Amino acid sequence: MRFVDLIIKKRNNMELTNDEIKFFIRSVIEKSIPDYQVAAMLMAICINSLTERETADLTMAMTYSGKTLDLSSIHGFKIDKHSTGGVADTTTLVVAPLVASLGLPVIKMSGRGLGFTGGTLDKLESIPGFNINIDMDKAIKQVNDINIVIMGQTETLAPADKYIYALRDVTGTVESIPLIASSIMSKKLAGGADGFVLDVKCGKGAFTKNIEDAELLAKEMIKLGKNLGKKVTAVITNMDEPLGMNIGNSLEVIEAIEILKGQKEGSLKDVSLALGAEMLIMGGIAEDTQTALHMLNENIRNRKGLYKFSELIAMQGGNPAVIDNYSLFPQRICKSAIISNKNGYVTEIDALALGKASSFTGAGRKTKEDVIDYGAGIMLKKKVGDKVEKGEILARIFAKDDKRCKIADAIARKAIKIGSEKPEPKPLIYKILK
């Protein structure tokens, strides 16, 4: 079997057999094909898509490309949460400690930034000393001790996905529903949790731009999980504008801490609590949404969620003093401020454009070898629908040099639009599918 023949077959929009897909993944693992051939196959898939059967076969091939985890020694129902990727989407750092503080074991394997989206691992590594490379014995003990671990994908867990994931980021093949679904679910299925709550982003700053595609992706992932006996819930959420107010690694961690302290309201908190409620219901901790939301809010009020985040940081080698001393984070000075040139209302904040602008500050990657600047990013001062006056600050840009700032500033200015009439609010949560 020649791999070039499979590329041609998929380029011509023909269906790959299960054996051909297994050959593809085996070749990736054995490194018997070069990057450019893998990239060509990914582009062919991105353009012509995969059938439901091909997507299932690809998911299974990637799931079993390495070891699968046995989490039976962790007490209770093990849950994981995953986002399909957005801008200023820091829900994991809010909801995982909160849910864990309520007695539900959270074993979270996270990824790095992909395209214009931020990665949870990059955010956590902005905390001095935080170690995301945890071996499984330690991870299992940690979850049994404090109910939570957030770690990187191990070398042996779905290794084919790890390789393909990095290559998609730099070859323009991120936005493919079959590739997104198989990537997410291969890691989740190999990771061994009992159930997953999936945050499927929909809008300008998401990989799925409309509700139809988001629902298609959600249903695909639910089906993949249920076929292996896993509980799966998908929450389709709005990503037309950035979810939080801070875009960039250390900036986003600080915003999550502010929410856990009970000092910040807004869309990031609201979506985090909605996801947390679904996790508590799935795990049998709460009977209904109202009860679950009350429990989550109570653990913000009494700071048990914040304490759990502090425990997580300490257990994984980080400095928990960052919770009360933000100067310990990598920091950049504000190089530029975007000022409103008229009175009116914020009518649009383009999440995709701001995600790209943040990447140019140094907060994201353009190639898989790029080094993240943990202190760089953008801090929004307004949300869509807010009233503004001429001369008010709309956003601040943080970067280490004027060149990066100038590029980011030019993009960000065009992303924020002011109009004379207040826009109709859009829902944060479109649908919940089970």
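Arg404 is partly exposed, with a relative accessible area of 28%. Here, buried means under 20% relative accessible area, exposed means over 50%, and partly exposed lies in between (1.4 Å probe, protein chains only). Asp401 is also partly exposed, at 25%. The side chains of Asp401 and Arg404 meet in a salt bridge, at 3.6 Å from N to O. A salt bridge is a side-chain nitrogen of Lys or Arg within 4 Å of a carboxyl oxygen of Asp or Glu.

The model is predicted: local features need pLDDT of at least 70, side-chain atom pairs count only at pLDDT 80 or more, and totals for chains, interfaces and linings use all residues. Residues are numbered from 1 along each chain as its sequence is written, and side-chain values use heavy atoms, with hydrogens and water left out.

The structure holds 30 salt bridges. One of them joins Arg53 to Glu15, with the closest N and O atoms 2.9 Å apart. Arg53 lies in helix α4 and Glu15 in the loop between α1 (3–11) and α2 (18–30), so the pair ties together parts that are 38 residues apart in sequence. Helices (H or I, at least four residues) and strands (E, at least two) are DSSP runs, numbered from the N terminus. Arg53 is partly exposed at 33%. Glu15 is partly exposed at 41%. Glu15, Arg53 and Asp57 are linked in a network of salt bridges.

Another salt bridge is formed by Glu241 and Lys383, whose closest N and O atoms are 3.6 Å apart. This pair links distant parts of the chain, 142 residues apart. Glu241 sits in the loop between β5 (231–238) and β6, and Lys383 in the loop between β9 and β10 (387–388). Both residues are buried.

Helix α4 (residues 52–63) also holds Thr59. Thr59 counts as buried because its relative accessibility is 0%. Leaving aside residues up to four places away in sequence, Thr59 touches Ser182, Met185, Ser186, Leu189 and Leu224. Contact means heavy atoms within 4.5 Å.

Strand pairing was examined next. Two strands pair if DSSP finds at least two bridges between them. Strands β7 (residues 334–339) and β11 (residues 393–398) run antiparallel and are joined by five bridges. Ser336 has Ile397 of β11 as its bridge partner. Strand β9 (residues 377–380) pairs with β11 in the antiparallel sense over four bridges. In this pairing, Gly377 is partnered by Phe398, and Ile378 stands opposite Ile397. Strand β6 (residues 246–247) pairs with β9 over two bridges, again antiparallel. There, Ile247 stands opposite Ile378.
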